[in-house]
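Biologist: Hi! Could you walk me through this one? I have the sequence and the 3D view open.
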Amino acid sequence: MTRKNRVSLLLCFAMLAMLISGFIAPAYVSAYSTPNSRGGVNGQWYFGTQAELNTAADNVVATGMQWVRIDLKWDIVQAGGATSYDWSWPDKMVNTALSRGLKVLLVASYAPSWANGGNADTRYYPNAANINAWKNFLDLAARRYMPLGVTAYELWNEPNYSVQSSPSLFVSNILIPGSTALRAASSDLHIPVTIVDGAPANLINTSGIVDPYDWVTQIYANGGKDYFDVQAIHPYCWPAAPTTPSVWNALLRANEIHAIMANNGDGGKQVWATEFGYPTSGPNTVTEQQQSDYIVSAFQVWTQSAWQSWTGPMFLYTYKDGSTNLNDPESNFGLLRNNNTFKPVMSQLLTVMTNTPPAPTPPTSGYGGSTPPTGGTTVTYEAESGTYGGGGQQQNATNASGGKVVGNLNSVGAYSQVGSVNGGSGGNATLVIRYANGNGGASTLSLYVNGTKIQQTSYAATGGWNTFGNTANITIPLNAGTSNTIKIQRDSGDTPAADIDKFTVTTTGSSALTINGFENVSQWAGEATRTADTTKKTEGAQSIKFHYTVPSSGWANGYYNIASPYVDISGAASLKLDVYPTSQTPSGQAEPITLKLQDQAGGVIYEDRLPNLTANQWNTVTVNLSGIPQASRHQLNSVNLYLYSGFTAQINGRTSLDYYFDNLRVQ
């Protein structure tokens, strides 16, 4: 990024002598294919021509690296104000990278002055009045880029390198609302998301700046644990070699960050190095050949055997030198010189990638992921993004949150409706409707939830059709999952009308943690045939029907392997699974289906048949977890629902059996 850690010459010559504990560079064996998910580059490609972007992306592909980290600058996209959006530059960069088969990490950061309290320094966090603007920006970005295949989002860049440098304010104003917005979009779009906690700058003993180790510690202390899937770091150590021990060598100290995470129950989460590199000109820098040698060495440190399971991609900073100023280290981190000629490292990277083990699969949350409970969420649904009819129309309104409203709700039957509303674990939620009413007095319209009329809702006059207000809090009942609808409609008893801007829904917290919502058939494997069913379900958009053909001997499996980070169920009292059998097992007999749970080491922590269930209805199976030691429940990574041919009394002559499964969860 544009703001780097700066290690002074005095500090570097004052480096402490420390022992390198346990680091052994792995022997290189050419065994890995490219593009390699272990490698990436920061593509600071703003303001380049399309031809320049094409060449840059092609050059990255030629190195064998798979990732590119692209700035999603809030201050540029919404430079014109709260209702102004210019996506042209991120669109151009993202589309170019994707067209070359590269994976994209979008780093969303830098608040426009209108959203940070009027400060020209865009490193200021969004203020309390504009947290929803931050959420709205991320929601729109996610809905724009997730369908294209961009599923990894880093929330802010070097958040400690700010006048504020406040972990508590970062958690409350950036991390929690940002994560909530991304996960809500993920659930709506049915696309899992990887949320990366923004990397702190490697600044040690700097006045007014929280150092990276204290920063991560305080992220946990301020309640940030449940709101990210990956912790990012910027493990710079320049001008020293990667293997030179020092208090300032953040690369060798990466395991300290992971230890902080493990001490907070997050040892299963990954650490990504979203910036790393060496400047090749200016004070306190290295030669171009040293840059090349040190980057080769850095990948060896990053992928040493003891770290491979929790280190993810390393993104080199940066693609090209930022200017021709040879006296500024910040301008000379590039893999290419400013005149587009290659530095020596470019001839080494393909060899590095073919000899470096790839990164573990990125963890996900949101749709189909193991998103922890968050104590309730607030999600905004733009009216114009929903459906409308009966005379209802989409109209422009400059002061609306998204620049548009649904209006003309004058005729009986005219409506504005939003779908895929997230009801969390189900139950009562709070609804606030933002609207404009330019009439001289109050108007009324009818509110429907999931097709049922809840009440007639009043809309006080706002003084104009481009002046907006909010209704009072309205309590509405929502079903669990994301299948809810909310509709505003003109009924015959209503006094029209109001223009609808957006619906804001706040759900209550829940102690339930979904292990698998059975929303993704492709997650499951085995001999049982699996089919999505949207008519029989207890949460979300669907259940999965497992069709078991009884084998002549042996097993018919239906299993799900959980990618790292593993699901921690150590604090849960019970596990629950909703099951709908289509035929009746004889009375007094357990079902011929066994639920089997394994930990990440392959050890079986639970294995037992489902109890006798009533056919043709949903049954909730409850498993008491108190008999399983907590130490065995920290890393659940496999769920299997299998049929065994030897259960002849339970099978009772049936040649095939069908079961619908939904909502595997713990409480």
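Modeller: Happy to, and keep in mind that this is a predicted model. Let's begin with F276, whose bridge partner in β8 is L316.

Biologist: How many bridges join strand β7 to strand β8?
Modeller: There are 3 bridges between β7 (residues 270-276) and β8 (residues 311-316), and the two strands run parallel.

Biologist: And what do the 8 strands close into?
Modeller: They form a barrel with parallel pairing, in the order β1-β2-β3-β4-β5-β6-β7-β8. From one strand to the next, the twist averages 30 degrees.

Biologist: Which strands does helix α4 touch?
Modeller: Helix α4 (residues 88-99) packs on the sheet against β2 (65-73) and β3 (103-109). Its direction makes about 170 degrees with that of β2.

Biologist: Let's switch to α7. Which of its residues are buried?
Modeller: In α7 (residues 212-221), they are P212, Y213, W215, V216, I219 and Y220. Seen down the helix axis, these buried residues fall within an arc of 165 degrees, so they line one face of α7.

Biologist: Why would residues three or four places apart point the same way?
Modeller: Because an α-helix has 3.6 residues a turn.

Biologist: Nice! What covers the buried residues of α7?
Modeller: The cover includes α6 (167-189), β5 (194-197), β6 (230-233) and α8 (254-263).

Biologist: What about the start of α7?
Modeller: There, a side-chain oxygen of D211 comes to within 2.9 Å of the backbone nitrogen of Y213.

Biologist: New topic: where is V604?
Modeller: V604 sits in strand β29 (residues 604-609). With 43% relative accessibility, V604 counts as partly exposed.

Notes. Residues are numbered from 1 along each chain as its sequence is written. This is a predicted model: local features need pLDDT of at least 70, side-chain atom pairs count only at pLDDT 80 or more; totals for chains, interfaces and linings use all residues. Side-chain values use heavy atoms; hydrogens and water are left out. Two strands pair if DSSP finds at least two bridges between them. Helices (H or I, at least four residues) and strands (E, at least two) are DSSP runs, numbered from the N terminus. Axes are lines fitted to C-alpha atoms, for helices over the stretch in contact, and angles run from 0 to 180 degrees between N-to-C directions. Contact means heavy atoms within 4.5 Å. Buried means under 20% relative accessible area, exposed over 50%, partly exposed in between (1.4 Å probe, protein chains only). The arc is that of the directions from the helix axis to the C-beta atoms. A polar contact is a pair of N or O atoms within 3.5 Å; within protein, one must be able to donate a hydrogen and the other to accept it, and residues adjacent in sequence count only if both atoms are side-chain atoms.
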